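Welcome! Have a look at the picture below before you read on.

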Amino acid sequence: MIPFSYRSPKTEVRESKIHGRGLFATADIAKDEVVAVKGGHIISREQLREKITPRFGPVEIQIDDNLFIAPVTEEEREGSMLYSNHSCDANIGMRGEITFVAMRDVRAGEELTHDWVTTDDDDYSVECNCGAPNCRKILTGRDWQRPELQKRYAGYFSAYLADKIARQAMLDR
Ligand SMILES: C[S@@+](CC[C@H](N)C(=O)[O-])C[C@H]1O[C@@H](n2cnc3c(N)ncnc32)[C@H](O)[C@@H]1O
Ligand SMILES: [Zn+2]
């Protein structure tokens, strides 16, 4: 079966210190190079909460206020997972809503992590285990509203969040 998602041939999935398995670079990756593209079915928040998360755990990516992409069957799960863990010092970010690109040059062997702030608008609050010196310790689904994070990840927010941030900035003027 052709997998739903794309992972660059310069990546591999293996055990991570952050959590479970993670995505790692097997060769140097240049800034703005495509690392992975998320594929799956487009589902609502309700479908995610009621049908997907209870069966498969965290397998989705948020692409708009109430829209997510996820596998919906066990056979699709592995081919849809990207295995990118969260880090508060992330090295990959979003181009559009499903494409992950390197935010800086990445060396072979580094774990490829994205910051959930670049993809999520939700009401969760969870403890972070990323271990980065600048770890926020508690991550929330509203972190995208924090000005210092908007600045840090400018150009690498999911398109729907970049749009929200731009509209908020216009209202604040
Ligand atoms: C899509 S999975 C990433 C792959 C996962 N490590 C695995 O082996 O399936 C996302 C889940 O990984 C865990 N995770 C990833 N980054 C984390 C972090 N920085 N702190 C705590 N948990 C994290 C959380 O349980 C989260 O729901
Ligand atoms: Zn952290």
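What percentage of the 173 residues of the protein count as buried? The answer is 37%, where a residue is called buried if 20 or more other C-beta atoms lie within 10 Å of its own, exposed if there are 12 or fewer, and partly exposed in between, with C-beta atoms placed from the backbone. Please keep in mind that this is a predicted model, in which local features need pLDDT of at least 70 and side-chain atom pairs count only at pLDDT 80 or more, while totals for chains, interfaces and linings use all residues. Residues are numbered from 1 along each chain as its sequence is written, and chains are lettered from A and ligands numbered from 1 in the order in which they are written.

**Overall build**

- The protein has 4 helices and 12 strands; these are DSSP runs numbered from the N terminus, with helices (H or I) of at least four residues and strands (E) of at least two.
- Its radius of gyration is 16 Å, close to the 16 Å that the globule rule gives for 173 residues, so the protein is as compact as a globular protein of that length. This radius is taken over C-alpha atoms, and the rule is 2.2 Å times the number of residues to the power 0.38.
- Along the principal axes, the C-alpha atoms fill a box of roughly 50 × 40 × 25 Å.
- Of the contacts between residues at least 6 apart in sequence, 63% join residues at least 24 apart; a contact here is a pair of C-beta atoms, placed from the backbone, within 7 Å.

**The nonpolar core**

- In soluble globular proteins, nonpolar side chains tend to be buried together.
- In this model the largest nonpolar core has 36 residues. Such a core is a set of buried Ala, Val, Leu, Ile, Met, Phe, Trp, Tyr and Cys residues joined through C-beta atoms within 7 Å.
- Among the residues with the most contacts inside this core are Val-35, Phe-68 and Phe-157.
- Elements that each supply at least two core residues include strand E3 (21–25), strand E4 (34–37), helix H1 (45–56) and helix H4 (159–172).
- Leaving aside neighbours within four places in sequence, Val-35 is in contact with residues including Ser-8, Ile-92, Ala-102 and Leu-112.

**A sheet of four strands**

- An open sheet has the strand order E1-E4-E9-E8, with antiparallel pairing; two strands pair if DSSP finds at least two bridges between them.
- Strand E1 (6–7) and E8 stand at the edges with a single partner strand each, so one side of each is left without a neighbour in the sheet.
- E4 and E9 run antiparallel and are joined by 3 bridges, with Val-34 standing opposite Val-101 in E9.

**A sheet of three strands**

- The order in this open sheet is E2-E3-E10, and the pairing is antiparallel.
- E2 and E10 are at the edges, each with a single partner strand, so one side of each has no neighbour in the sheet.
- Strand E2 (residues 11–15) is joined to E3 by 5 bridges, and Thr-11 has Ala-25 as its bridge partner.
- These two strands form a hairpin with 5 residues between them, and Gly-20 in the turn has a positive phi of about 45 degrees.
- E3 is mostly covered, with 4 of its 5 residues buried.
- E3 also pairs with strand E10 (residues 111–112) over 2 bridges: Phe-24 has Glu-111 as its bridge partner, and Leu-23 stands opposite Leu-112.

**Partners of strand E7**

- Strand E5 (residues 41–44) pairs with E7 in the antiparallel sense over 4 bridges, and His-41 stands opposite Ala-70.
- E6 is joined to E7 by 3 bridges, and a hairpin links E6 to E7 through 2 residues.
- Ile-61 stands opposite Ile-69 in E7.

**Around ligand 1**

- Ligand 1 is surrounded by 13 residues, the closest being His-19, Gly-20, Pro-58, Asn-85 and Asn-129. A residue is near the ligand if its C-beta atom, placed from the backbone, lies within 6 Å of it.
- This shell has 5 nonpolar, 7 polar and 1 charged residues. Ala, Val, Leu, Ile, Met, Phe, Trp, Tyr, Cys and Pro count as nonpolar, Asp, Glu, Lys and Arg as charged, and the others, Gly among them, as polar.

**A residue in helix H4**

- Met-170 is found in helix H4 and is exposed, with 8 other C-beta atoms within 10 Å.
- The C-alpha atoms of Met-170 and Pro-3 are separated by 40 Å.

Terms used
Two residues are in contact if their C-beta atoms, placed from the backbone, lie within 7 Å.
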